[in-house]
Amino acid sequence: LSTVAIPALICNDLVENYGDRYTQAKRHQWGITEMAWHFALAKHMNLSFSSWWAVFGAENRRAGSFFSCAQIFASFIVLPSAGVYAGLYWDTLNPNIQAYVYIYFASMLFQWIIFWVQEAFLWRHLLHQFPIEHPSPLRWLILVLLSPVWHVLTTLSFFVVPTIHCLYHVTFVGELGYVCAPKGEVQKTEGREDKK
């Protein structure tokens with residue numbers, strides 16, 4: 001039996017309320033509890049190490065796994081610290097390290113450009129067919145120029161904090177009730193009214 005990953009177009013931005021989006025993020029982060037299940041497999045099932053390691057390795061490589069969350073948490077500490085150090089002692093850094101810093105920022109700029117090209121394509125060729133409120137040019141400008149700041153804030157709000165909240169919840173509370181966040185309720189209502 002094999003599992004095939006199927007990429008999907010997920011419209012998390014249809015969740016309009018901050019509280020609902022946070023609840024959704026916490027539910028998504030509940031996947032980090034899979035780590036405990038994998039350790040339970042090793043202890044309670046009669047699996048060979050190679051069989052167990054194949055399943056455990058797949059979990060570790062999954063986006064949103066416990067280890068990937070730990071890597072992102074570490075980057076929130078290491079990258080700013082390295083940036084401050086590089087800024088203070090730039091002239092004393094080895095030229096190879098300086099080149100690495102330039103390459104890092106060039107790759108970040110490239111990712112930023114690719115993201116906004118994809119976003120523009122999505123809005124221009126796919127989303128225009130739906131009755132969605134389009135951002136004004138000023139809002140687009142604010143979104144694009146400040147997107148590095150928004151990225152840090154949203155990662156903290158909808159990834160770091162929900163993950164810590166999940167770890168607290170699983171340790172001290174137990175089960176997490178499934179709450180489905182409302183997505184695009186206004187659009188659904190308008191669509192039903194248009195059909196009448």
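Modeller: Let us begin with helices, which are DSSP runs of at least four residues, numbered from the N terminus. Please keep in mind throughout that this is a predicted model.

Colleague: Which helix supplies the largest share of the nonpolar patch?

Modeller: A patch is made of residues with over 30% relative accessible area and no salt bridge, and nonpolar side chains are joined within 5 Å. Here the patch covers about 790 Å² and is made by Leu138, Leu141, Ile142, Leu143, Leu145, Leu146, Val149, Trp150 and Leu153. The largest share, five residues, comes from α6, while α6 (137–145) and α7 (147–172) each supply at least two residues.

Colleague: Is Val149 buried, partly exposed or exposed?

Modeller: Buried means under 20% relative accessible area and exposed means over 50%, with partly exposed in between. Val149, whose place is in helix α7, has 44% relative accessibility and therefore counts as partly exposed.

Colleague: Thr163 also interests me; where does Thr163 lie, and which residues does Thr163 touch beyond those up to four places away in sequence?

Modeller: Thr163 lies in helix α7 and is buried, with a relative accessible area of 2%. When residues up to four places away in sequence are not counted, Thr163 touches Gln29, Ile32, Cys69 and Phe73. As for its polar side, a polar atom of the Thr163 side chain lies 2.5 Å from the backbone oxygen of Phe159.

Colleague: With which side chain does the side chain of Arg21 make a polar contact?

Modeller: A polar contact is a pair of N or O atoms within 3.5 Å, where one must be able to donate a hydrogen and the other to accept it. The side chain of Arg21 makes such a contact with the side chain of Gln24, at 3.1 Å. Arg21 is found in helix α1, residues 18–29, and is buried because its relative accessible area is 18%.

Colleague: How many salt bridges does the structure hold, and which side chains meet there?

Modeller: The general idea is a side-chain nitrogen of Lys or Arg within 4 Å of a carboxyl oxygen of Asp or Glu. The structure holds one salt bridge, in which the side chains of Glu59 and Arg62 meet at 2.9 Å, N to O.

Methods:
Residues are numbered from 1 along each chain as its sequence is written. This is a predicted model: local features need pLDDT of at least 70, side-chain atom pairs count only at pLDDT 80 or more; totals for chains, interfaces and linings use all residues. Side-chain values use heavy atoms; hydrogens and water are left out. Patches are made of residues with over 30% relative accessible area and no salt bridge: like charges are joined within 9 Å, nonpolar side chains (Val, Leu, Ile, Met, Phe, Trp, Tyr) within 5 Å. Accessible areas come from the Shrake-Rupley method with a 1.4 Å probe; for residues, only the protein chains shown count as cover. Buried means under 20% relative accessible area, exposed over 50%, partly exposed in between (1.4 Å probe, protein chains only). Contact means heavy atoms within 4.5 Å.
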